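My entries follow in the order I made them.

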Amino acid sequence: MCEYSLIGYMCGRKKEHKKTGYCIFHCDKEEFEPDEIEELKNRFWEEFEEQENNKEDKFDFIGFKFPDKISFKKIEFKKPVYFRGATFSGDTSFDSATFTKEAYFSGATFSNEAYFGGATFTKEAYFKRATFSNEAIFVDATFSGDTSFVDATFTKEADFRNVTFTKEAYFKRATFSNEAYFGGATFLNSVKFIGDENKHLSNLEMDYNKHLKKESVSNELKKIFDEKGFHLSDNVVSGNYFTPQNFTPWN
Ligand SMILES: [Zn+2]
């Protein structure tokens, strides 16, 4: 049996790699031959189809390792989907994907571009402790359930332009090392970026418990940032205000 485990989770799939003791999806081989990549992809989509049609009430891709680019463009995930702890090493696209149930990306790692443009998250979306080592693009995405980017790390640009957050959006202790764009984003409930008391971004908490119009959110953000001594260019929350020094560590 595959020896991969994560808190409260054991893989249990057939062991295929003697050296690592893992199944094909948890194999942590560094180098893959093109035909191995091809095989892995085919196997993954077989697995996807199997899970889509089986009796389980979820997609279990926990800790899966995707060594190459992968696209879930326009795919509808009809069950809760667990990508908890998954590793996406190539460009990853969830372009216009629909998550009909909960989406769990907690602890996932995206080493290359992570594209969630136009994606629809119908229920809760969890990106806690997710690591985006390259661009993270969520442009035009819709989050209809509570959304968490708590402790997420954005090394390059984080683009949340025109995103709609219908419920709570948590960005507590998120680290933005580069530009973070929230222009045109709509927060219909509350958005929380809690800052560090000891730094000049003191306890910055943007808590909108009211409905904000799409056009007004940038100005609202601007106002709040202005009050805290921050300056935003139009429709842009500039990365300088979200440096790790400003945002971490917190208690
Ligand atoms: Zn496994």
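Strands here are DSSP runs of E with at least two residues, and helices are runs of H or I with at least four residues; both are numbered from the N terminus. I note that the model is predicted, that local features need pLDDT of at least 70, that side-chain atom pairs count only at pLDDT 80 or more, and that totals for chains, interfaces and linings use all residues. Residues are numbered from 1 along each chain as its sequence is written.

**Lys74**

I looked up Lys74 and found it in the loop between strand S5 (70-71) and strand S6 (76-77). Its phi is near 60 degrees, a positive value in a residue other than glycine. Is Lys74 buried, exposed or partly exposed? By definition, a residue is buried if 20 or more other C-beta atoms lie within 10 Å of its own, exposed if 12 or fewer, and partly exposed in between, with C-beta atoms placed from the backbone. Lys74 counts as partly exposed because it has 13 C-beta neighbours inside 10 Å.

**Asp151**

Asp151 also turned up in my list, with a positive phi of about 60 degrees although it is not a glycine. I placed Asp151 in the loop between strand S19 (147-148) and strand S20 (153-154). Asp151 is buried, because 20 other C-beta atoms lie within 10 Å.

**Ala141**

Ala141 sits in the loop between strand S17 (136-137) and strand S18 (142-143). I count Ala141 as buried because 25 other C-beta atoms are within 10 Å. What does Ala141 touch, not counting residues up to four places away in sequence? Contact means that the C-beta atoms of two residues, placed from the backbone, lie within 7 Å. On that count Ala141 touches Phe116, Gly117, Gly118, Ala119, Phe121 and Val163. I also checked Gly118 by C-alpha atoms: Ala141 and Gly118 are 4.3 Å apart in space and 23 residues apart in sequence.

**Sheets**

I count two strands as paired if DSSP finds at least two bridges between them. Ile137 has Asp159 in S21 as its bridge partner.

I then listed an open sheet of six strands with the order S4-S8-S12-S16-S20-S24 and parallel pairing. Strand S4 (65-66) and strand S24 (175-176) form the edges; each has a single partner strand, so one side of each is left without a neighbour in the sheet. S4 pairs with strand S8 (residues 87-88) in the parallel sense over two bridges. In S8, Phe88 is the bridge partner of Phe66.

**Whole chain**

The protein chain has three helices and 27 strands. Of its 251 residues, 36% are buried. Among contacts with a separation of 6 or more, 25% join residues 24 or more positions apart.

**Confidence**

I checked pLDDT, the predictor's confidence in each residue, from 0 to 100. The mean pLDDT of the protein chain is 78, and 74% of its residues reach 70 or more. Over residues 195-218 the pLDDT is below 50, and this stretch has 48 contacts in the model beyond near neighbours in sequence. Residues 228-251 also stay under 50, with 50 contacts beyond four places in sequence in the model.
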